[in-house]
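Here is a quick tour for anyone opening this model for the first time. Have a look at the fold, then read on.

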Amino acid sequence: MTDDLTLETLAADWDRTTAPPVLSHQPASVRYGKRFVDVMGALVGLALTAPILPLVALAIRLDSPGPILFRQLRVGESTARQTKLFYMIKFRSMGVNAEAKTGPVWATKNDPRVTRVGRFMRKTRLDEIPQLLNVLKGDMSLIGPRPERPGIVPRLENSIPFFSERVYGVRPGITGLAQVYQGYDETVEDTRCKVGYDHAYALSLTKARHWLAMDAMIILRTVLVVVTGRGH
């Protein structure tokens, strides 16, 4: 089955045409302002990181066989009528076909599937730089809930109340309130703890001053994670 066919099939399964219409909780000033910040931030981010991108690509190529970039299907923003799916782009931090035998699973600390260069990239979040392209396309935001995989979402929906609502009217983000306080998910319990952060962030989007204050705090904490290498 091809990637495009998989996306088409999943999109059909995830279409929520029977859901009642619900108004967005975000005022226009926040929604359009956030999109403006996303586009400008992504352009600036790509410009600032452009000098190191060839070095990262070379390190990945020399460290392990396989492509430099990694593309994976993720769940995006949901609305009253549908849940969007998109392909997220990252620098490859694991060996090729890392989930061929296991299917979709979370990465763990000291995961043997992670390459040497990949371990460094994950600690400094360098592997997430290509997601700035997803931001420019409108699939993601600079800040928002972590985009989850369709293969894992049904399990989380059955285990965690209000899990799906975390991305209602909110694009998933490269970084976010849950990510800076808790890092990467490894278990269902990790995700359960993050849902409260995700809903708290969505609540901050109801007023422009709350959104600006929240995003400024998240950006500062993200910079701290990158500089100190506190990623997983």
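## How the helices pack

Helix 8 and helix 9 lie oblique to each other, a label for angles that are not under 35 degrees (roughly parallel), over 145 (roughly antiparallel) or 65 to 115 (roughly perpendicular). Helices here are DSSP runs of H or I with at least four residues, strands are E runs of at least two, and both are numbered from the N terminus. This is a predicted model, where local features need pLDDT of at least 70 and side-chain atom pairs count only at pLDDT 80 or more, while totals for chains, interfaces and linings use all residues. Residues are numbered from 1 along each chain as its sequence is written, and side-chain values use heavy atoms, leaving out hydrogens and water.

The axes are lines fitted to C-alpha atoms, for helices over the stretch in contact, and the angles run from 0 to 180 degrees between N-to-C directions.

| Pair | Angle | Axes |
|---|---|---|
| Helix 2 (residues 28–49) and helix 9 (residues 208–228) | roughly 30 degrees | within 10 Å |
| Helix 3 (residues 53–63) and helix 4 (residues 116–124) | about 145 degrees | 8 Å apart |
| Helix 8 (residues 188–204) and helix 9 | about 135 degrees | 8 Å apart |

With axes crossing at roughly 30 degrees, helix 2 comes out roughly parallel to helix 9.

Who touches whom? Contact means heavy atoms within 4.5 Å. From helix 2, Ser29, Val30, Gly33, Lys34 and Val37 meet Ala208, Trp211 and Asp215 of helix 9. That contact has four nonpolar, two polar and two charged residues. For these classes, Ala, Val, Leu, Ile, Met, Phe, Trp, Tyr, Cys and Pro are nonpolar, Asp, Glu, Lys and Arg are charged, and the others, Gly among them, are polar.

Trp211 and Asp215 turn up again on the helix 8 side: along with His210, Met214 and Ile218 of helix 9, they meet Ala200, Tyr201 and Ser204 of helix 8. Here the residues split into five nonpolar, two polar and one charged.

In the remaining pair of the table, Val56, Ala59, Ile60 and Asp63 of helix 3 meet Arg116, Val117 and Met121 of helix 4. This contact has five nonpolar, no polar and two charged residues.

## The chain as a whole

The chain has nine helices and four strands, in the order α-α-α-β-β-α-α-β-α-β-α-α-α along the sequence. Of its 232 residues, 44% are buried. Among contacts between residues at least 6 apart in sequence, 73% join residues at least 24 apart.

How confident is the predictor? Its pLDDT, a per-residue confidence from 0 to 100, averages 83 over the chain, with 81% of residues at 70 or more. Over residues 1–23, though, pLDDT stays under 50.

Is Gln131 buried or exposed? Gln131, in helix 5 (residues 131–137), has 2% relative accessibility and so counts as buried. The cut-offs are under 20% relative accessible area for buried, over 50% for exposed, and partly exposed in between (1.4 Å probe, protein chains only). Beyond its neighbours within four places in sequence, Gln131 is in contact with Met88, Ile89, Lys90, Met140 and Ile174.

Gln182 sits in helix 7 (residues 177–182) and, at 24% relative accessibility, is partly exposed. Its C-alpha is 8.6 Å from that of Cys193, eleven residues away in sequence.

How values were computed:
pLDDT is the predictor's confidence in each residue, from 0 to 100.
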